[in-house]
Amino acid sequence: MQVVDKGLVLRETPYKESDVMLSVLTECGGKLSVLARGAKRKGSRVSAAIQLLTYSELTLYESGGRYTLNEAEPLEMFYGIRNDIVKLALGSYFAEVLELASDEESIDPELLRLGLNSLYALAKTNIPHEKIKAVFELKVASLSGYTPNVLGCGICGSVDDLAYFDVENGTVLCSACNGGFLKRIDASVVDAMRFILNEDIKRIFSFTINDSSMKLLADVCDEYLSVHFDRKFKTNTFYKGLI
């Protein structure tokens, strides 16, 4: 059966002499493993469309739950990322996270939208990398079922003086209920987290925050994703080594 779908290439792995195995997050099929035969041969017509972090239209042949690539046309290659090692490292981190967050048995178009919007922001806007990364991390955690409580203190319910974030339990706490070595936050961080969690993905980066609060937000989101995905991402470690 022939299938036409659009998808973002999250990983490309050499397979046999001239073939490539792809992990692709698609609009209609969720995450798919796709065999691209002859993709490494000189003059291959699909080589550009199957590069990491390329969004392409794919014509696939499906048989018994296995997919083989017949044709591919790149729709967006995010050249602004490929020409910058720091941006490429951060984009690769996004891809690693998306591959872990996506499921071959579940279709989640919002996850693909988040990935594409984050890569677009990275490639084509002047939004600080720190902000793009934090927004991506918190939103992907939420889409994966780990939405934190940012409405009120997780212990007493107070909406005032929310000054700490409990990463393990995923909740904000007021100063009176802080009982340990928790992440320090401030009102601007709480407001930003509420915005990220509730705003449509196409407007997800359109909030303002000062530099000191941005650093707090970035620290919280980085650790929150790592803890709840139970993973130290190698691409994130590499990215941090570059900045």
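Two strands are said to pair if DSSP finds at least two bridges between them. Strands (E, at least two residues) and helices (H or I, at least four residues) are DSSP runs, numbered from the N terminus. The structure shown is a predicted model, in which local features need pLDDT of at least 70 and side-chain atom pairs count only at pLDDT 80 or more, whereas totals for chains, interfaces and linings use all residues. Residues are numbered from 1 along each chain as its sequence is written, and side-chain values use heavy atoms, with hydrogens and water left out.

**Figure 1. Overview of the protein chain.** The protein chain contains seven helices and eight strands. Its C-alpha trace spans about 65 × 35 × 30 Å along the principal axes. Of the 243 residues, 48% count as buried, that is, under 20% relative accessible area with a 1.4 Å probe and protein chains only (exposed is over 50%, partly exposed in between).

Figure 2. Five strands form a closed barrel in the order S1-S2-S3-S5-S4, with mixed pairing. Neighbouring strands of this sheet are turned by 50° against each other on average, direction ignored. Helix H2 (residues 85-101) packs on the sheet and touches S1, S2 and strand S3 (30-36); the direction of H2 makes about 115° with that of S1. For such angles, axes are lines fitted to C-alpha atoms, for helices over the stretch in contact, and the values run from 0 to 180 degrees between N-to-C directions. Strand S4 (residues 55-63) pairs with strand S5 (residues 66-76) in the antiparallel sense over nine bridges, and Ser63 stands opposite Arg66 in S5.

Figure 3. S2 pairs in the antiparallel sense with S1 over eight bridges and with S3 over seven bridges. Met21 in S2 is the bridge partner of Thr13, while Ser33 in S3 is the bridge partner of Ser23. The hairpin of S1 and S2 has three residues between the strands, and Lys16 there takes a positive phi near 60°. S2 and S3 also form a hairpin, with three residues between them. Seven of the eight residues of S2 are buried.

**Figure 4. Surroundings of Ser18.** Ser18 lies in the loop between strand S1 (2-15) and strand S2 (19-26). With a relative accessible area of 11%, Ser18 is buried. Not counting residues up to four places away in sequence, Ser18 touches Gly38, Ala39, Lys40 and Arg41; contact means heavy atoms within 4.5 Å. The side chains of Ser18 and Arg41 are joined by a polar contact of 3.4 Å, a pair of N or O atoms within 3.5 Å of which, within protein, one must be able to donate a hydrogen and the other to accept it; residues adjacent in sequence count only if both atoms are side-chain atoms.

**Figure 5. Helix H4 and its packing partners.** Helix H4 (residues 129-143) reaches 21 Å from its first C-alpha to its last, close to the 21 Å expected at 1.5 Å a residue; the expected span is 1.5 Å times one less than the number of residues. Twelve of the 15 residues of H4 are buried, including Ile132, Phe136 and Leu138. The buried residues of H4 pack against H2, helix H3 (109-124), helix H5 (187-198), helix H6 (211-229) and helix H7 (234-242). Gly145, with a positive phi near 100°, follows H4.
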